[in-house]
Amino acid sequence: MMKRINVLLVMFVCVIMVFIIGQPKNVVASNTDIPYQTYSIGLYGELVNTAVAYEGTFILNAGFMSPQDIYIDKEDIVYIADSGNGRIYIYNPVTGEERVIGNGILQNPTGVFVDKQKDIYVADAKLNKVFWFNQDGELIKEYNRPTETFFGETATYQPRKVVVNDNKDVYIISEGGNNGIILLNKDGEFLGYYGTNKVNLSFGLYLRRMFMSKEQRQSLASLIPKPSHNLAIDNKGIIYTITTSKKEEQLVDPLKKLNIEGNNILSGNYIFSKSYQDVFIDDKGLIYVVCDDAEAPAIISVLDKSGFLIFAFGTKRSGSLKIGQFESPSGIAVDSNGDIWVLDKAGNNVQVFTKTEFANLVLTAIDYHDKSQYDKSSVLFKEVIKQNAMFALAHSSLGKAYEREGNWEKSLESYRIANDKFGYSNVYWEVRDNWIADNLLITLVIIGIVWLALYFLNKYKHSIKGYDVIHAKIENIKNTQTYHEIMLMPRVLRNPNDVVYEIKFRQSVRIRTAIVLYVIFVFFNIITSHFILGYLFRSLTQEIVLSYEIMKILLPLLLIGISNHLINSLQSGEGFYRDIFIGVIYACAPIFIFKLPLDIISNVLTYNEAFIMNLGYLIMYGWTGINLILMIKEINNYKPGQLILNLLLTAFTMLIIIIIYLVLNVLATQAWSFFEGLFKEVFLQ
Amino acid sequence: MKKGKVVLLLIAIITVVTITLRVYANNNSEIDDIINELEQSSSTLLDSNLFTQPDDLRPYEQPEIDMSEYTEVYRNTNLTFYVNMNTFAIRVKYNNYIWSSSPFQDLENFSRAWRNKLNSPFSYTYFSKDDNDVSRSMLDNQEILKLNMEVNDNVINFKVDIIDKDENGFSLSYYITINDHGFTLNVPHEEIIEYGNFRLFTISFFEFFGSAKLDQIPGYYFIPSGNGALVRFSAHPKVNTPFVSRFFAQDLYYATNLSGISLNYPVFGTVHGINQNAYLVNVTSGAEYAEYNYWPPKFRTDYHMQYVNFYLREKYQQAVPSGNSVTVIEKNIKPYDMSFDVTFLANENANYIGMAKTYKNYLLNEGILQNRWEDKELAVHLDVLGGDYEAGLFFKKFHKMTTVDDILVINDDLTSQGIKNIYYTLRGFNKGGNVDASYKNYKFNKKLGDVNKLKDLHIAFYYDATVIHRNKLNAPIGTLKTIDNRFSYEMLDGGKYYRYYMDIDRIVKELPDAKKYFNQYGTIALAGLSNLFYSNENHMRSEMYAIYHNLFDEPIAMYNPNVIMLEDTSKFLTIPFQHERLRFFSDNVPFLQIVLSGYIPYYSSYLNFSANKQMDTLRLIDFGGHPAYLITYQPSHLLSKTFSNNYYASYYGNIDDNIVETYQFVYNALEKVLGEEISNREVLAKGVVRVTYANNVQIIVNYTDTDYDYEGAIVSARNYLVRE
């Protein structure tokens with residue numbers, strides 16, 4: 001579960017970009033004739049191309065006018081809320097028979113649902129009512145605004161979407177329904193609100209809210225819950241809702257699977273869009289959603305039970321006559337074959353997509369996996385990997401299957417390929433445990449032997465030929481200044497004030513040594529973090545840019561030094577910049593000394609022992625911070641009050657420097673584009 | 001140590017379980033069972049336009065036609081040509097069927113402008129004073145234009161003149177030359193004259209010819225999208241707007257992206273009554289400026305319509321410094337002749353197969369299609385990826401995916417399993433890898449071994465001279481500049497890479513050197529140029545034919561070439577097995593394969609990337625092609641951080657069995673028909689197809705999930721049967 005969230009974080013960055021530019025890059029020819037790309041989750045949590053999962057097979061074009069909703073009942077009969085024509089259009093794909101109900105009653109049907117008794121429920125946006133028809137189109141009941149007082153006097157009742165459970169309780173999504181889904185019983189009595197969205201402003205938005213006008217607050221940073229936009233019900237009666245929001249608005253879960261208390265139980269909520277239009281759940285519990293906005297234009301996605309993305313496909317192109325290219329998809333439904341029916345309100349048609357052999361393989365494997373038939377699922381997942389080596393879900397599920405089999409080696413390999421760190425951690429724990437059980441004795445013996453060997457070596461060192469020569473050389477090195485400078489490092493740990501004295505008064509550290517130490521510090525950090533740190537603790541960023549890595553480490557150090565020096569000169573501290581410059585790098589001594597051992601140890605740790613790493617890092621960085629403060633205090637000879645003031649001002653200065661940089665940056669870009677434009681106009685026109 | 005013992009015990013138990021499971025899992029038939037257990041829902045697929053549907057073979061009786069307004073102007077043994085002297089609409093009687101350029105009935109339901117349009121021999125668009133394009137038909141403008149006709153034996157000269165030469169208008173002539181089985185329409189460019197400020201934009205002849213009302217006529221249109229598509233006449237159109245597409249796609253010089261549809265062959269056809277009456281239109285001159293049009297019924301009229309529209313000028317958007325753009329219209333009309341052949345087909349030829357044969361004959365007569373078969377042996381095309389670069393922390397990291405030695409291992413492996421004829425194309429073997437395979441970066445990367453070792457194999461080098469990839473927005477020297485003075489490029493992977501299109505003059509300079517270099521080791525397998533047909537500021541698109549042809553002195557392998565490059569094609573690689581999936585298509589037909597069959601060997605798209613492996617293998621047998629794969633010797637996931645990250649299924653270790661199995665499966669089917677021409681193809685039932693070759697061998701392909709009884713023999717589900 002955690003792993004999926006982990007992957008999600010990486011995902012959020014890359015997904016959106018890929019969707020905007022969905023051009024095929026290398027001509028993998030069998031896919032070139034398909035006008036849309038199919039994606040799945042790759043090994044780094046990013047979207048990757050995969051074999052086509054769904055192929056367009058059928059178009060329903062029956063003179064629709066802005067149709068808003070589609071539903072398919074258990075017998076595969078298709079119902080479309082043909083809003084502009086004020087009717088419900090019903091189509092039987094087997095016989096090709098079509099019929100219409102609700103003519104003359106409905107004016108702007110926006111939601112349609114059919115229950116197990118084949119009764120048809122319609123939400124009408126113009127009449128603001130929900131209608132209950134029988135299969136022949138005879139009106140059984142109308143659901144009007146509840147009269148109960150606890151419905152709320154100001155609460156809106158503008159039904160847009162409707163679903164009904166097996167008890168014939170009616171769930172209604174109302175436009176502007178901040179209180180949540182309106183739940184009525186069969187007779188239209190109000191039972192309460194359900195699945196209310198939480199108000200959740202980001203910190204930044206909360207700050208900005210203070211400076212907003214009333215209108216802005218209402219539209220961007222309202223403290224009233226967002227109303228849900230659409231809903232679905234699965235065959236266990238679980239309700240799913242979707243809520244659309246704009247990029248900068250409060251954080252809401254775009255897709256929710258609600259438990260009985262109305263809370264979201266999706267764990268791998270694979271969000272790449274804030275604009276889901278419709279949701280549908282099939283018999284196996286797979287979730288189908290379609291979204292439509294500028295960032296994720298007309299993408300249909302298939303998610304597993306817990307909301308983890310399996311496939312995404314489709315694209316938006318207005319005026320296109322190609323299948324899989326939409327104008328404005330507004331509804332989605334799935335029949336018993338697993339065919340996906342997508343309603344397009346601007347294109348006024350329905351496009352139907354059928355599973356390919358590949359998608360069938362993947363979905364069947366997932367089904368076996370969900371039913372814990374790991375032997376079957378692993379056979380199929382192996383076949384999936386043959387057809388797409390970058391299918392993370394398959395590798396990770398295979399890892400799990402191997403784990404159940406106790407095939408640790410293969411399991412580790414699969415988890416590693418999938419970058420499923422939590423899976424890897426669990427198996428690694430097992431492997432390590434086995435290793436310890438097998439090798440504990442022999443390890444102890446080896447340690448004993450080595451200890452003995454060292455003991456005797458030390459005892460008889462003078463009788464070894466050439467020992468004195470080497471010893472003399474070592475003594476020589478010990479007398480150099482560089483050795484002395486380096487040996488100041490460990491002294492920082494024991495007595496930082498001593499070292500400050502050395503730097504400040506005895507001037508025993510040369511500038512060039514400090515510069516070399518800075519350089520070593522940068523590369524030491526890069527190498528340990530990216531090459532020595534254990535796999536489980538390493539960051540999973542796809543691309544590491546050297547210049548960025550250098551800046552990330554070097555800039556804070558330099559910034560602290562410079563800001564502090566600027567403040568010192570105001571506060572008439574005693575230190576020179578030279579002292580501060582050297583002092584800062586010496587303050588980092590705990591990192592120099594402890595990072596490497598910690599990172600090496602991390603290679604044999606799992607997430608169960610993650611606290612060791614966390615604690616180690618905390619001590620290391622905390623100690624460095626304390627050193628830094630002591631260093632500043634001693635170099636400038638501050639009293640405690642002065643020190644606190646100095647630290648606050650230093651932090652403030654750092655902030656100001658960053659802001660100045662940003663402003664200059666913007667100005668420079670502006671100036672550049674101005675001169676560029678000028679140049680182009682003068683010379684090119 | 002107690003824990004250790006527990007763990008040991010656990011290990012023992014787990015090992016036993018593992019072994020049991022292993023034995024269980026290694027049981028091959030068990031695996032097959034599980035995979036075969038997968039429910040197949042192919043029926044929706046078989047009903048879709050991705051397959052050829054059974055024909056509606058109802059005989060179509062044409063209603064009695066009133067010919068009173070029509071005058072017979074020419075007659076030969078096969079056809080009679082009529083002209084309406086008032087409107088100059090034409091009618092042609094062939095095989096006792098009357099084809100008309102105007103509707104026979106319900107003209108009174110249309111507005112005057114529409115009636116004029118439907119009766120007019122041609123329609124045109126021109127630019128108004130404010131640069132908007134205005135659509136007119138000939139009969140709309142009788143006060144300005146007059147039309148005369150002159151008949152000289154089998155040549156009819158229609159002359160359009162402007163009545164008052166001081167008015168804005170134009171004059172032109174079109175000639176209809178009648179032959180045994182059809183006619184040719186020709187418009188010489190020197191006879192198109194514009195008067196005043198008149199600026200012609202497009203012109204189209206006989207838009208209504210071959211039209212069909214709703215589903216009244218059993219028949220279809222044929223459109224050369226991909227390998228071929230049909231639009232069967234139905235009363236329920238799948239789209240509400242017309243479809244237009246340039247032949248050979250939009251010229252890159254005028255367009256900024258390639259997202260459009262590309263019709264690689266400038267032909268289209270109409271069938272009225274399947275196996276009864278049909279004709280094929282072949283645009284023989286001016287296709288590079290022409291556009292195909294299909295109008296669905298219920299859009300303006302109740303008729304299915306298709307015609308070709310010729311562009312005399314291009315218009316484009318020019319950006320201006322204020323950030324807006326203005327429409328710019330070309331000053332002069334393009335100096336090219338418009339010409340198309342109409343060939344009528346009757347009875348057993350009145351279908352898409354007959355059309356393919358007609359077009360094939362044309363290509364043979366023109367010398368475009370020549371026999372390129374060497375040995376009539378089933379081959380496998382292996383497109384091998386050498387390697388690609390990944391941006392690393394300190395250095396770029398080169399992923400060696402397949403070395404020269406690996407290719408030799410693969411070759412030994414496959415030949416030992418009975419695959420005799422393997423055709424290798426190598427990509428990413430240049431320095432810089434696949435990402436950097438630009439027009440001048442083709443030298444072999446020595447890290448991958450000594451290419452001379454491959455001399456005994458049949459190899460060619462993938463070479464696409466039209467593109468350079470960069471990971472910055474920084475146009476390389478030689479990038480094509482579009483007419484509005486911008487560099488021609490596309491953004492890939494959300495801005496991680498940019499694809500720049502090269503100016504053709506650059507390519508012409510570099511290609512001979514590249515050829516010389518490659519010819520030391522093998523030949524070129526040409527991509528890019530093979531189906532991208534574009535011009536630049538120095539040359540018009542009509543001049544490009546000669547420039548393209550001059551690049552090659554001998555035929556080479558080409559990736560999906562258009563008709564322009566067909567003459568220089570020795571092997572047709574990655575042939576489309578589908579149309580371009582337009583919603584209104586009803587069928588997928590192997591028009592292109594029928595045209596090529598017996599002359600140019602063609603290879604499939606890469607089957608390892610197929611999402612419907614079984615179906616695509618059957619389609620390969622149905623359409624008669626060689627299988628193809630894109631492979632790497634190392635696992636594909638190594639490519640996940642490189643430009644080649646969409647080669648997700650290339651790992652040889654995963655697909656080697658599949659290559660051998662598919663080869664055997666296809667070999668047994670096509671063994672006797674390699675290098676033979678396809679002479680007929682019929683759909684016997686939904687998902688069952690019978691293909692007949694010139695040597696009378698028949699292959700019955702069954703795409704369905706149930707066995708098919710063919711004349712007493714069983715064609716098993718998802719299988720085929722060969723009959724001699």
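Which residues of the largest nonpolar core touch the most other members? The legends below start there and then visit other parts of this predicted model.

**Figure 1. The largest nonpolar core, with 197 residues.** Phe81(B), Tyr174(B) and Leu382(B) are the members that touch the most others. Helix H12 of chain B, which spans residues 652-670, makes the biggest contribution to this core, giving nine residues. At least three residues come from domain 2 (70-365) of chain B, and at least three from domain 3 (675-724) of that chain.

**Figure 2. The surroundings of Tyr174(B).** Leaving out residues up to four places away in sequence, Tyr174(B) touches Phe122(B), Phe158(B), Phe205(B) and Phe206(B), among others. Its contacts also include Leu147(B), Ile156(B), Val160(B), Leu185(B) and Val187(B). Look as well for Pro121(B), Asn157(B) and Asn186(B), which Tyr174(B) touches too. This tyrosine is one of the residues that touch the most other members of the largest nonpolar core.

**Figure 3. The largest cavity, with a volume of about 140 Å³.** The model holds 11 cavities of 30 Å³ or more. Around the largest of them is a lining of 17 residues. Those closest to the cavity centre are Leu426(B), Asn430(B), Tyr442(B), Tyr462(B) and Phe518(B). Two strands of chain B, S27 (421-427) and S28 (458-464), each supply at least two lining residues. The most come from S28(B), which gives four residues to the lining. By residue type, the lining is made up of nine nonpolar, five polar and three charged residues.

**Figure 4. Glu55(A), a buried residue in contact with both chains.** Glu55(A) sits in strand S3 of chain A, which covers residues 54-60. Its relative accessibility is 8%, so Glu55(A) counts as buried. From chain A, and setting aside neighbours within four places in sequence, Glu55(A) is in contact with Ile34(A), Tyr36(A), Val352(A), Phe353(A), Thr354(A) and Thr356(A). From chain B, the contacts of Glu55(A) are Leu45(B), Leu50(B), Arg581(B) and Asn612(B).

**Figure 5. Asp33(A) and the chain B residues it touches.** Asp33(A) is part of the loop that runs between helix H1 (2-20) and strand S1 (38-41) of chain A. With a relative accessible area of 14%, Asp33(A) is buried. Not counting residues up to four places away in sequence, Asp33(A) touches Gln578(B), His579(B), Glu580(B) and Arg581(B). Arg581(B) is also in contact with Glu55(A).

Figure 6. Asn128(A) is partly exposed, at 25% relative accessible area. In chain B, the loop between strand S7 (145-152) and strand S8 (155-162) holds Asp153(B). Is Asp153(B) buried or exposed? Its relative accessible area is 58%, and the cut-off for exposed is over 50%, so Asp153(B) is exposed.

**Figure 7. Domains of chain A.** The domain assignment divides chain A into domain 1 (50-355), domain 2 (356-437) and domain 3 (477-671). The centres of domain 1 and domain 2 of chain A, taken over C-alpha atoms, are 34 Å apart. Where these two domains are in contact, 14 residues come from domain 1 of chain A and 13 residues from domain 2 of chain A.

**Figure 8. Two buried residues, Gly137(A) and Met615(B).** Gly137(A) is placed in the loop between S10 and strand S11 (139-143) of chain A. At 18% relative accessibility, Gly137(A) counts as buried. The C-alpha atoms of Gly137(A) and Ala232(A) are separated by 22 Å, with the two residues 95 apart along the chain. Met615(B) belongs to helix H11 of chain B (residues 613-623). This methionine is buried, with 2% relative accessible area. From C-alpha to C-alpha, Met615(B) and Leu46(B) are 9.9 Å apart in space, while 569 residues separate them in sequence.

Notes. Residues are numbered from 1 along each chain as its sequence is written. Chains are lettered from A and ligands numbered from 1 in the order in which they are written. This is a predicted model: local features need pLDDT of at least 70, side-chain atom pairs count only at pLDDT 80 or more; totals for chains, interfaces and linings use all residues. Side-chain values use heavy atoms; hydrogens and water are left out. A nonpolar core is a set of buried Ala, Val, Leu, Ile, Met, Phe, Trp, Tyr and Cys residues joined through side-chain atoms within 4.5 Å. Buried means under 20% relative accessible area, exposed over 50%, partly exposed in between (1.4 Å probe, protein chains only). Domain bounds come from an automatic or database domain assignment. Contact means heavy atoms within 4.5 Å. On a 1 Å grid over the protein atoms alone, a cavity is a set of points where a 1.4 Å probe fits but cannot get out, and a pocket is an open set with protein on both sides within 12 Å along at least five of seven lines; lining residues have an atom within 4 Å of a point. Grid points are joined across faces, edges and corners, and a volume is the space filled by probe spheres set on the points. Ala, Val, Leu, Ile, Met, Phe, Trp, Tyr, Cys and Pro count as nonpolar, Asp, Glu, Lys and Arg as charged, and the others, Gly among them, as polar.
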